Amino acid sequence: MEAALERASLHNAWFDRDNCLFALQHWAECLTQEQLQRWLSAYSFEGKTPKRVALILAGNIPMVGFHDLLCVILSGNKAVVKLSSHDTVLLPFIVQELTEIAPEMEEFISFTQERLTDFEAVIATGSNNTARYFEYYFTGKPHIIRKNRNSVAILTGKETSKELYRLGEDIFRYFGLGCRSVSKLFVPRDYDFAPFFEAIYPYHTLLDHQKYINNYDYNKAVYLMSLCPLLENGFLLLKEDEKYASPIATLFYERYDDLTILSRRLEKERELLQCVVGSKEIPEAIPFGQTQVPSLTDYADGVDTLAFLNSIN
């Protein structure tokens, strides 16, 4: 494990030890017999002939494709995994450990870097651009094609410092590179950012990470040369912007006047969003600090992967 963690970090500097251990610990807490049985009890896979399912994985955060792999093998199918070039260490390591414990699993999981040809269904994750190619290439196969999504937080101004600190976990975990990472804030028209900056100050240790601080310095220079108004605290830039996807070390924000109108807007744009974070006042919002610890039933893009796999004939 120590060697795998070191190799993962050397291969991709964004995969530092802390974030890799966080991902592994999260999965360790999810994969209990009780939780697995409760999750799978809603499905029946008996009598199904195993299908070869191609998995084209993203590489933005450590082991981001593990849930898809888990769904394929638990549904009795065979996974043909095409790894992202950014995440080539941890998942093969975990699979190696799994097959040492249960050698019969070896025939259900294979890795390839070749062109995918022999498969009966596909789950592919990529950008909006690559999704268009996936849609064309896999048009004749059952498929799930995932595109870019972002997560947002809605603040009301009534949040406690503890809630704002937890929001920092949603923003900074994995350096903000995940689709469940909060990339934008919605704040009231007269919102005061001082309590927010004070609450997230403990995350200033991000300054110890060279790639993060390089992005911070670069984005700050670009915005300043463009005369963009900014708020910042030395390790996070706040820029008022209508877009959802913000650069590394930058958080977009937008002011609102009516929470009900904002909720309606986000409902209309739900295809662009992975998570909406907020207090109990916000209907169906994920609590602060919980975006990076999804449960087994939190399917990416809200598409039930097990139901999809069960539908393949």
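The side chains of arginine 173 and aspartate 18 meet in a salt bridge, with 3.0 Å from N to O. Arginine 173 lies in the loop between helix H7 (161-172) and strand E7 (182-188), while aspartate 18 is in helix H2, so the pair ties together parts that are 155 residues apart in sequence. Arginine 173 has a relative accessible area of 13% and is buried. Aspartate 18, at 47% relative accessibility, counts as partly exposed. The model that shows this pair is a predicted one.

Arginine 17 is partly exposed, with a relative accessible area of 42%.

An α-helix has 3.6 residues a turn, so residues three or four places apart point the same way.

Next comes the interior. In soluble globular proteins, nonpolar side chains tend to be buried together. Here the largest nonpolar core has 76 residues, and those with the most contacts inside it are Leu167, Leu185 and Phe196. Helix H4 (residues 66-74) gives the largest share of this core, six residues. Apart from this core lies another, of eleven residues, among them Leu116, Phe119, Ala131 and Phe138.

Leucine 167 shows how residues from separate places in the sequence come into contact. Its neighbours within four places in sequence left aside, leucine 167 is in contact with Ala153, Leu155, Val182, Leu185, Phe196, Phe288 and Gly289. For the protein as a whole, among contacts between residues at least 6 apart in sequence, 72% join residues at least 24 apart.

Side chains of opposite charge can pair when their charged atoms come close. How many salt bridges does the structure hold? There are 18 salt bridges. In one of them, lysine 239 pairs with aspartate 241, the closest N and O atoms being 2.7 Å apart. Lysine 239 is buried, with a relative accessible area of 12%, and aspartate 241 is buried as well, at 11%. Salt bridges also link Lys184, Glu254, Arg265 and Glu269 in a network.

The last step is to view the whole chain. Its secondary structure comes to eleven helices and eleven strands. The C-alpha atoms fill a box of roughly 60 × 45 × 40 Å along the principal axes. A compact globule with 313 residues would have a radius of gyration near 20 Å, and the value of 21 Å for this protein agrees with that. Of the 313 residues, 48% count as buried. The protein exposes about 16,300 Å², and carbon and sulfur atoms supply 52% of this area.

Methods: Residues numbered from 1 in each chain as written. Predicted model: local features only at pLDDT ≥ 70, side-chain atom pairs only at ≥ 80, totals over all residues. Heavy atoms only, no water. Core = buried A, V, L, I, M, F, W, Y, C linked by side-chain atoms within 4.5 Å. Buried < 20%, exposed > 50% of the residue type's maximum accessible area, 1.4 Å probe, protein only. Helix = DSSP H or I, 4+ residues; strand = E, 2+ residues; numbered from the N terminus. Contact = heavy atoms within 4.5 Å. Salt bridge = Lys/Arg side-chain N within 4 Å of Asp/Glu carboxyl O. Rg over C-alpha atoms; globule rule 2.2 N^0.38 Å. Areas by Shrake-Rupley, 256 points an atom, 1.4 Å probe, with all protein chains shown as cover.
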